[in-house]
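Try each task before reading its solution.

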Amino acid sequence: MKIHKNSRNFNLLVEDFKAGRIVPFIGAGFSRPQFPSWENLLKENSKIYGIADEINKEIRIGNMEKAASLLEHKMGPLEFKDYFLETFDKKKIGSFTDNQLWLSKLFQSGIITTNYDHLLETLYREQLEYEFELLLPRYKKDEAAIDRVLRQNKPYLIKLHGDASRYEYCILTEEQYQEIYTGESDYEKLIGRIFENKIILFLGCSLISDRTLTLLNRLTNHRDIYHYAILPLPEATQNLNEPHKPNLYRLGETSAYKEEFLARIQQLSSLGIRPVFYPYEKHDLISVLLENLFQSSTDVEPVKKNFTRRVPCDFC
């Protein structure tokens, strides 16, 4: 079963990739299974400290920063910091997933991430003997350096929300987010320049609701900006009997898409994002798509033929 405009969007991504215009934007999903999600960490500790109902309420409405503030208040700032560092700063990485390994094969210049952990640095150090220039937008001295590296073809890693080894520059709680996301802050202007001057490929990002998306939406409404994302289909499309063949259409229909799928397409379109979807929860297929992207850059055979043949299920 073909998924709405998947082949078209993938082939457009191929062309931008071959032209050297793509910069990956890595979200928390790409650090699994080595690191837990922020949501799971908040839920786990909320039970210990007796505030599960309050935390779950904020998480359900997508207010992760408020949930973090509630937990920090309950734990105390030092205990909260220590737990954060134990989770993200001092943990050994271990082996890498296929998704992560293909990332290192594809992109060997700049990377942008909202993750705090050191998975990317370790991956590139062990696989390619790379050392990134680490840059933190919240650190004032890095602002000029970020503008510089965006113009150069050198290895850089921009950690938008901070790095676990430099806790004082991490952005975790509602108060910290409000400090930098004011609507006109230098931090937002800097991120805006990234979105305006680079074509982003979102990987491991939910792209449901967060401050980065709010900023991107504001930019998209005023400029001709587009980006890409590799994303799972909505849960409503899941086919339990044949997971690689999603149920895209309404019951009894062969041409009308399900409302959840249409809403997702519209939401991404409003952000200027061209999605390449894979079946719900089949995250292993990210590596298949990345492998196809890698193979497409060799020009051994036509891109479309290469792409459709290599994918081991009929979702493109």
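This is a predicted model, where local features need pLDDT of at least 70, side-chain atom pairs count only at pLDDT 80 or more, and totals for chains, interfaces and linings use all residues. Residues are numbered from 1 along each chain as its sequence is written, and side-chain values use heavy atoms, leaving out hydrogens and water.

**Exercise 1.** Locate S109, and decide whether S109 is buried or exposed.

*Solution.* Start with the loop between helix 6 (98-106) and strand 2 (110-113): S109 lies there. Helices (H or I, at least four residues) and strands (E, at least two) are DSSP runs, numbered from the N terminus. Next, take the accessibility. Buried means under 20% relative accessible area, exposed over 50%, partly exposed in between (1.4 Å probe, protein chains only). S109 has 18%, so S109 counts as buried. Last, list contacts (heavy atoms within 4.5 Å). Beyond neighbours within four places in sequence, S109 touches F132, Q152, N153, K154, P155 and Y156.

**Exercise 2.** Classify the ring pair Y226 and Y228.

*Solution.* Recall the rule: Phe, Tyr and Trp rings (for Trp, the six-membered one) pair if their centres lie within 6.5 Å; planes under 30 degrees apart are stacked, over 60 edge-to-face, the rest tilted. This rule gives 24 aromatic pairs. For Y226 and Y228, the centres are 5.8 Å apart and the planes stand at 90 degrees, so the pair is edge-to-face. Y226, at 28% relative accessibility, is partly exposed; Y228, at 0%, is buried.

**Exercise 3.** Which charged end sits over the ring of Y226?

*Solution.* Apply the test: NZ of Lys or CZ of Arg within 6 Å of the ring centre and within 35 degrees of the ring normal. R274 meets it over Y226, 4.4 Å from the ring centre.
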